[in-house]
Amino acid sequence: MKAAAKFAVVLVTAPDLKVARQLARAALSARLIACANLVPRIESHYWWQGKIERSGEVLIVMKTARTRLAALENLILANHPYDTPEFVVVPIKAGNARYLAWLEDSLAGRDVPETSAL
């Protein structure tokens with residue numbers, strides 16, 4: 001499915017729902033994403049500064065066009081409270097044609113250069 005290759009899913013974690021909502025709203029307002037799903041109350045276990053840590057977080061699942069990834073990353077890095085926020089891109093290989101058309105329509109209306117700083 002060639003149309004699907006234009007899109008990606010981006011995973012970002014946030015410390016709480018308030019921050020997750022702010023990041024999602026900022027990305028939506030800038031037309032950098034078509035959709036954000038907030039998955040509250042995940043428990044993250046990770047290495048940080050030489051120690052194993054554990055914390056409660058919110059997972060943000062964002063759907064976007066690959067051409068908007070650089071601008072989205074800039075927005076997340078500029079507005080995220082973590083020193084090193086998660087920003088993981090998962091390419092979309094296939095998807096429902098109507099959903100992919102909705103993604104494209106939702107992201108239309110604003111050209112965002114790949115190197116745009118927000």
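Two strands pair if DSSP finds at least two bridges between them. I started my notebook with that rule, and I also noted that helices (H or I, at least four residues) and strands (E, at least two) are DSSP runs, numbered from the N terminus.

**Ground rules.** I am working on a predicted model, where local features need pLDDT of at least 70, side-chain atom pairs count only at pLDDT 80 or more, and totals for chains, interfaces and linings use all residues. Residues are numbered from 1 along each chain as its sequence is written, and side-chain values use heavy atoms, leaving out hydrogens and water.

**The sheet.** I looked up the strand order and found an open sheet of 4 strands, β2-β3-β1-β4, with antiparallel pairing. The edge strands, β2 (35–48) and β4 (88–91), each pair on one side only. Between β1 and β4 I found 4 bridges, and leucine 11 stands opposite valine 88 in β4.

**A helix on the sheet.** Next I checked α1, which lies across β1, β2 and β3 and runs at about 125° to β2. For such angles, axes are lines fitted to C-alpha atoms, for helices over the stretch in contact (heavy atoms within 4.5 Å), and angles run from 0 to 180 degrees between N-to-C directions.

**The cores.** A nonpolar core is a set of buried Ala, Val, Leu, Ile, Met, Phe, Trp, Tyr and Cys residues joined through side-chain atoms within 4.5 Å. Buried means under 20% relative accessible area, exposed over 50%, and partly exposed in between (1.4 Å probe, protein chains only). The largest core here has 20 residues, and those with the most contacts inside it include Val10, Ile60 and Leu72. Two or more residues each come from β1 (7–14), α1 (17–29), β3 (51–65) and α2 (69–79). The largest share, 5 residues, is from α2. I also noted a second, separate core of 10 residues, including Val9 and Ile92.

**One face of α2.** Which residues of α2 are buried? I listed Leu69, Ala71, Leu72, Leu75 and Ile76. Seen down the axis of α2, these fall within an arc of 165°, so they line one face of the helix; the arc is that of the directions from the helix axis to the C-beta atoms. Their cover includes β1, α1, β3 and β4. Leucine 72 touches Val10, Phe87 and Met62, among others, not counting residues up to four places away in sequence.

Most residues other than glycine have a negative phi. Arginine 41 in strand β2 has phi near 60° and is exposed, at 79% relative accessible area. Glutamine 49, in the loop between β2 and β3, has phi near 50° and is exposed at 68%.
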